[in-house]
Amino acid sequence: MKARLNIVAVSPAAYRAMAGLERYISESSIEPKLVHLLKMRASQINGCAYCLDMHSKDARAHGETEQRLYGLEAWREAPYYTEHERAALEWVESLTQITQGHVPDDLYERMRQQFSERELVDLSMIAVAINGWNRLAIAFRSEAGTYKPQQVARGSDG
């Protein structure tokens, strides 16, 4: 598949706006390994090859296991995700598939048991960001396979 355009070259201001949201997320209350799992799951739902490539590499750079990455699409059945992760995955799935019933009250109540209000905002911003990136990458056919993750300091989550 041939790339259609490079958003950075065509509209640096649009890219900077999205990068600002990413800066917020990188400083948020959500640990980087979970951020990348959530972004990967939304990208699976949306079918974004570029973002799947990126976030699988970033998740591995932050210490994520191959088993958990391979099992991510079936996280409800896989025993190796925590209740905290399951709640976050369900939240991001609900926001990604917003036309399939919005965000049910019972999900919101379950989330309130697992996360603070600030964390709920942070999780929602992750969903907003990755869904936006997915749509840009799909629309402009960003080339999957070219992404190289930054080095993560040993012993660091971020």
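Within helix α6, E83 and R86 lie three residues apart, about one turn of the helix. Their side chains meet in a salt bridge (3.8 Å, N to O), a term that denotes a side-chain nitrogen of Lys or Arg within 4 Å of a carboxyl oxygen of Asp or Glu. The helices named here are DSSP runs (H or I, at least four residues), numbered from the N terminus. E83 is exposed, with a relative accessible area of 55%, whereas R86 is buried at 14%. In these assignments, buried means under 20% relative accessible area, exposed means over 50%, and partly exposed lies in between (1.4 Å probe, protein chains only).

The model is predicted, so local features need pLDDT of at least 70 and side-chain atom pairs count only at pLDDT 80 or more, while totals for chains, interfaces and linings use all residues. Residues are numbered from 1 along each chain as its sequence is written, and side-chain values use heavy atoms, with hydrogens and water left out.

**Salt bridges**

Side chains of opposite charge can pair when their charged atoms come close. A search of the whole structure finds twelve salt bridges. The table lists some of them.

| Pair | N to O distance | Location |
|---|---|---|
| R68 and E85 | 2.6 Å | helix α5 (residues 66-70) and helix α6 (residues 83-96) |
| R76 and E93 | 3.0 Å | loop between α5 and α6, and helix α6 |
| E83 and R86 | 3.8 Å | both in helix α6 |

The side chains of R68 and E85 meet in a salt bridge. This pair links distant parts of the chain, its members being 17 residues apart. R68 counts as buried, at 10% relative accessibility, and E85 also counts as buried, at 11%.

The side chains of R76 and E93 form a salt bridge as well. R76 is partly exposed, with a relative accessible area of 47%, whereas E93 is buried at 5%. Salt bridges that share partners join R41, R76 and E93 into one network.

**Cysteines**

A disulfide is taken as a pair of cysteine sulfur atoms within 2.5 Å. By this rule the count comes to zero disulfides. C48 is in no disulfide, and its nearest cysteine sulfur, that of C51, is 3.4 Å away. C51 is likewise in no disulfide, with the sulfur of C48 as its nearest cysteine sulfur. C48 counts as buried at 2% relative accessibility, and C51 is buried with a relative accessible area of 3%.

Helix α8 (residues 117-140) has 24 residues and reaches 35 Å from its first C-alpha to its last. That span is close to the expected 34 Å, where the expectation is 1.5 Å times one less than the number of residues. Just after α8, R141 takes a positive phi of about 55°.

The axes of helix α4 (residues 49-61) and α8 come within 8 Å and cross at roughly 130°. Axes are lines fitted to C-alpha atoms, for helices over the stretch in contact, and angles run from 0 to 180 degrees between N-to-C directions. The two helices, α4 and α8, are therefore oblique to each other; angles under 35 degrees count as roughly parallel, over 145 as roughly antiparallel, 65 to 115 as roughly perpendicular and the rest as oblique. In α4, the residues Y50, C51 and H55 meet I130, W133, N134 and A137 of α8, contact being defined as heavy atoms within 4.5 Å.
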